[in-house]
2 protein chains.
Amino acid sequence: MALIDEARRRIPSEVRRVARRESLDPEQVRRRLVSGRVVIPCNPVHAPGPIGIGEGLGVKVNVNIGSSRDRCSLREELLKARAAVKLGTDAIMDLSTGGDTRAIRRALLKAVSVPLGTVPIYETALETLKTRSARVIDMSEDAIFATIERQAREGVDFMTVHCGITRESVARLKKSGRIADIVSRGGAFLSAWILHNEKENPLYSDYDYLLELARKHEFALSLGDGLRPGCIADATDRAQLQELIILGELVDRARKSRVQAMVEGPGHVPLDQIEANIRAQKTVCKGAPFYVLGPLVTDIAPGYDHITSAIGGALAAWFGADFLCYVTPSEHLSLPTVEDVRQGTVASRIAAHAADLARGIGWERDIAMARARKALDWEGQFRQAIDPEHAREVRSRHKPRKSERTCTMCGDLCAMAIDDEFV
Amino acid sequence: MALIDEARRRIPSEVRRVARRESLDPEQVRRRLVSGRVVIPCNPVHAPGPIGIGEGLGVKVNVNIGSSRDRCSLREELLKARAAVKLGTDAIMDLSTGGDTRAIRRALLKAVSVPLGTVPIYETALETLKTRSARVIDMSEDAIFATIERQAREGVDFMTVHCGITRESVARLKKSGRIADIVSRGGAFLSAWILHNEKENPLYSDYDYLLELARKHEFALSLGDGLRPGCIADATDRAQLQELIILGELVDRARKSRVQAMVEGPGHVPLDQIEANIRAQKTVCKGAPFYVLGPLVTDIAPGYDHITSAIGGALAAWFGADFLCYVTPSEHLSLPTVEDVRQGTVASRIAAHAADLARGIGWERDIAMARARKALDWEGQFRQAIDPEHAREVRSRHKPRKSERTCTMCGDLCAMAIDDEFV
């Protein structure tokens, strides 16, 4: 029985586990799941440790990994997944577009105990391109749904589906005068497909069939934002809002079919427009969990976009975004390395935790850290750190000579040590 | 003639240069300087390129460097200063506490064309400690002022002076029940001095003499926040606000004496208390420029505090903070390396720029970047990047094979390239 169906009658074990982890009343989590304000992506074939995403829960983090057409190594992708899980990611998306993507996905599903997501249109495109002289616009409607069903059978827990790319939203895009047009890959594939074939997006026109597959195979929908802004000057424009309105309607239909659905959001957004983006999504999509990529608060920091998106992500999550997709230092420049994945995961975890704190969640750990600092208890500090290994390594770079208890920044002039003696 | 005195009669050349850089009316900048809402730290002995800090101006960034008791290399400090200036810092503070601090300061004053700040109480403490069995509490009042005057004569443009650490504020601290007590070094020195000697802080009791020195030698005061919170649980507490009230009174007195003064602020502050901190400072200190350290929005990310403080700094600056003191990845763990200085400078520049954008400043550069991205013009992208060398290096890590115009993330599946062809 699908999770929502079960939850309508009793409290499923997944809900209990989520509630325990969040120190919440299971009945409250159950009600939010049934109403669509919380999702628990959990394909029974994969059966990951269940995590809850949505209203009243701690902010969750997703890490994108995956091979590309230029770089492809199963081993490296497994290393990325393990590094991200070790640093506390709540979910992983496999965006592989290079090499044997099926083998990579199966290996990841086996290796990873957190929910795994995909963007199935990538594999449809890749398999289409294998045919001589075929292009993205030659994807068949059947192939699109066949990929989704295949990945669902394999155990994928949630899938990004760009159902809001429609003839209507693409027409609005064309009139909107954007600088960067479409920067979502899935969005670009489907817009090109619609315009070239002069047909409606199958993920929209056959949305009922998609819902049927989602119900049958118990994966959650992540309604993709194919028209998300690709630069801050395009943020919150008519094209983006048109797609959001369509996604809101699709959330209603998913709820009627008892399919779990969350909604994806931007992207590149200046600081002062983040709150408006969250409020609009939460209203238009009737409280559906909001999954944001970044948002990046400036465009001029390539090489450091884990930081631009940690700023935007912290703010977005504080205002109500539920799920942060990390961004790595390599964004806009190259496929991330394992080290990039580490940097990105930590940055996103910081953003999520900062927002949790602002909403009154998770203070025990910061207080324990403060007490350990005050006591100059270094092991205690490492225990509370998001990345204990790295913290230990930075401290041990140079050994304090004057006073073992302190660090090389202040040595015996340490404020904590002086407080201890005199204050 | 002191800058403010000159500005009361005419528009000084420094004001003109600041106004040109900010695309503002010089008369407006002049008025704000005279009223104390803008400072232009500019000791004529050093004569740095003038920068304006305060109301209506772009957000500025400061980089702390300096040797420690455990690590001391003039060469390395010069490398740090040059790296920070290259990455666009607006000011540098030399916080040296190791080796020949006078030689380091003189070398930095010679090498650096941005305003240079110091915390003179450090050198007073260091020189006191040279006497056998002397402790910080043995600093003499004369030595405190002698250090300030010496550094002013050498050309230091602004000095942190912890005048708000008083018998009253320290008494309030003792009653406040803090976890981390005092984490400011200068704050700890002076609190210890007050408590041990049972006397008032000379920087407070002889504040008029300090103002006289500042007027005579034309350095700006940066009224230090010795009681800033050292963990988020201590943020915005009674001790912090008590010191702020005293600093507000000292701003009034500085203005009456026509001395330029800004006010320093926290520290460790959760996201939801940042706005309150800025509004309180701007009200209590009657619009004096606000210089914040961080703020760090969580305590649990040692090794990544450039990120925790970029989040807090962006928000603080958006709400009205004028000057961001960077924080490096080594904060709380060890003395920063040259690479740490680089990372910290970029993170703080991102925060400042994100806030500028939210206030309508600096959009041209982001738009130029977006256009270059859209055109897959890589050289154009590097030109707009905060750190062009690093961006270039990340892109060139792996060469795209499928399509030279794209990068190894998407290769020929690049959304921009597909838009070009079909959308």
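This is a predicted model: local features need pLDDT of at least 70, side-chain atom pairs count only at pLDDT 80 or more; totals for chains, interfaces and linings use all residues.
Contact is taken here as heavy atoms within 4.5 Å of one another.

In chain B, helix α5 spans residues 101-111. Its buried residues are Thr101(B), Ile104(B), Arg105(B), Ala107(B), Leu108(B) and Leu109(B).

In chain A, eight strands with parallel pairing close into a barrel, in the order β3-β4-β5-β6-β7-β8-β9-β10. On average, and with direction ignored, neighbouring strands of this sheet are turned by 25 degrees against each other. Within the sheet, strand β7(A) (residues 220-223) runs parallel to strand β8(A) (residues 261-265), and three bridges join the two. Ser222(A) stands opposite Met262(A) of β8(A). Helix α11(A) (residues 207-217) packs on the sheet, where it touches β6(A) (158-161) and β7(A). The direction of α11(A) makes about 140 degrees with that of β7(A).

Chain A is superposed on chain B by a rotation of 180 degrees with 0.0 Å of shift along its axis, at an RMSD of 0.0 Å. This is the relation of a two-fold axis. Among the C-alpha atoms of chain A, that of Ile311(A) is nearest the axis, at 2.3 Å. Of the interface residues of chain A, 100% are also interface residues in chain B; the copies therefore meet through the same surface.

Definitions and conventions
Residues are numbered from 1 along each chain as its sequence is written. Chains are lettered from A and ligands numbered from 1 in the order in which they are written. Side-chain values use heavy atoms; hydrogens and water are left out. Buried means under 20% relative accessible area, exposed over 50%, partly exposed in between (1.4 Å probe, protein chains only). Helices (H or I, at least four residues) and strands (E, at least two) are DSSP runs, numbered from the N terminus. Copies are superposed by least squares on the C-alpha atoms of residues with pLDDT of at least 70 in both. Two strands pair if DSSP finds at least two bridges between them. Axes are lines fitted to C-alpha atoms, for helices over the stretch in contact, and angles run from 0 to 180 degrees between N-to-C directions.
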